[in-house]
Amino acid sequence: MVRRIVVAVLCAALAACRSNSPAPHASTPLPAVFDRTTPEAQGVASGAILSFLDAADKIDAMNSVMIVRHGRVVAEGWWAPYDADSNHELYSLSKSFTSTAVGFAVAEGKLSLDDEILKIFPEDAPPEPSANLKAMRIRDLITMSAGHQDETSSAADKITPKSFLAHPVPHKPGTHFKYNTPATFMLSAAVQKRTGQPIVEYLKPRLFEPLGITKPVWNTNSQGICLGGYGLRVRTEDIARFGQFCLQRGMWNGKQLLPAAWIDVATSRQVSNGSNPKSDWEQGYGFQFWRCRHGAYRGDGAFGQYCVVMPEQDMVIAITSGLKDMQAVLNLIWDRLLPGIQPGALPAEAAGVAALRDRLSGLKVRTAEGAATSPASKPGKYVFPANDAKLESLEFAPNAVTIKVNGVENRVACGYQEWTRGKADYAAYANEPAAASGAWAGEDTYIVKQVLYETPFYLTATLRFSGDEVSCALETNVGFGGTKKPAITGKRE
């Protein structure tokens, strides 16, 4: 009942805002970056940020961080080979952008939270829809309470409106919280159905262009529908700009792009998802935003892609990473950064600012560890028998490895104690921008470490040479399944 009242109030507020909200437009591009300032000038202690970085380095999984206070960047850094100009895979942080697309469609009268899903997609309905499926509405999708007990596949080559609507709905929509990526896909499909544009295009004049987000990329399914629940790539600063847009309740550059009423409801608690006071995943869920401890909220994605908005501190923190424990970095925000934030400016700390700048400019993902050369090095080409990884051959040379996978060759140049850029050849990430380093961990063992720097993934290949044979074992730092592959043995050609 309370949620229905809140939604009714939202709908009334949006209706009132339509006549006053500016028409979607492409504004004059903003500068490429926010204004930069010292942390102390905005009430943030440089020492607190250094403490955060000290702890983050021990995790060895951070890709980037940007801290914004009062609309100004007080700290930013990328762990090389990650950089400021490259996009980064957001995974489920994409959901918060999809929610925002729904908000624009609702504000423009093209969609309603009370719209029944089957009435949007009648051509995709099963022959005999259940009562629960008939009752499913946009509001149920956007709050992750569609009524499913489990998820259907969200894979790009499988997900369609038809496959979603064919999935059983055992719970009454609106009564059962279940994190559900295909439900977000349906939000994307609904916006596209009602507006005639994929949400990446629909958002360009309404959100991306006004905010200065210049090169968003969003993967689609086989029908050209943006995946919605994942698949969006933008820069770290774009994440921060989106967070600032939310913090400013839909206002940007003096213009109300999206009604404040939508932002208020979207980022507030709409459904309960647990009661653990120490977990940032059990503080409630809004419209594709998670509530956090300390009065904050966030969008987040697999392996630690974060847009953390802290209204009480007037602060936004954007983070990309490759984490196994996603709570760990959020804990660092609360334990290391939060104590160093004060309401007003702090006394200037020239030494602290200098130390912080040096630290931020020198961030780097750890390269392969070991020696530059080995007396046992055996350059040459090795051929592998048929295997599940489709690894056909490996040609080893000083500072480079040429790998042939499924008929495609890729030369990986390996820097020593530095990153050399090239391309990856890893499964679904073939032809992905990457950087590599190499080192001898022992006389007969060479390590190749590749960072796919638009994603959270590090790929480590361990090559062990013995006589005329080489074994190749692959491991990723994180993954949706197993991260280690069995070693494959090849023979010198």
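Q: Why is the pair of Glu123 and Lys193 called a salt bridge?
A: The closest N and O atoms of Glu123 and Lys193 are 3.0 Å apart, and a salt bridge is defined as a side-chain nitrogen of Lys or Arg within 4 Å of a carboxyl oxygen of Asp or Glu, so the pair qualifies. Glu123 sits in the loop between helix 4 (117–120) and helix 5 (131–135), while Lys193 belongs to helix 8, and the two are 70 residues apart; helices here are DSSP runs of H or I with at least four residues, strands are runs of E with at least two, and both are numbered from the N terminus.

The model is a predicted one, in which local features need pLDDT of at least 70 and side-chain atom pairs count only at pLDDT 80 or more, whereas totals for chains, interfaces and linings use all residues. Residues are numbered from 1 along each chain as its sequence is written, and side-chain values use heavy atoms, with hydrogens and water left out.

Q: What makes Lys193 partly exposed?
A: Buried means under 20% relative accessible area, exposed means over 50%, and partly exposed lies in between, with a 1.4 Å probe and protein chains only. Lys193 has a relative accessible area of 38% and Glu123 one of 46%, so both are partly exposed.

Q: How do you know that the salt bridge of Glu237 and Arg36 ties together parts that are apart in sequence?
A: The two side chains meet at 3.3 Å, N to O. Glu237 lies in helix 10 (residues 236–247) and Arg36 in the loop between helix 1 (2–18) and helix 2 (46–59), so the pair ties together parts 201 residues apart in sequence. Glu237, at 5% relative accessible area, is buried, whereas Arg36, at 34%, counts as partly exposed.

Q: Why is Asp238 called buried?
A: Asp238 has a relative accessible area of 0%, and therefore counts as buried. Asp238 also forms a salt bridge with Arg235, the closest N and O atoms being 2.7 Å apart, and Arg235 is buried as well, at 11%. Salt bridges that share partners also join Arg36, Glu76, Glu237 and Arg241 into one network.

Q: How do you know that Cys226 is in no disulfide?
A: A search of the whole structure finds zero disulfides. For Cys226, the nearest cysteine sulfur, that of Cys246, is 19 Å away, and because a disulfide requires a pair of cysteine sulfur atoms within 2.5 Å, Cys226 has no partner. The sulfur of Cys292 is 10 Å from the closest cysteine sulfur, in Cys307, which is too far for a bond.

Q: What makes the contact of Tyr179 with Ser92 a polar contact?
A: The side chains of Tyr179 and Ser92 make this contact at 3.1 Å, and the definition asks for a pair of N or O atoms within 3.5 Å, where, within protein, one must be able to donate a hydrogen and the other to accept it, and residues adjacent in sequence count only if both atoms are side-chain atoms. Tyr179 also makes a polar contact with the side chain of Lys95, at 3.3 Å. Tyr179 is found in the loop between helix 7 (161–165) and helix 8 (181–195).
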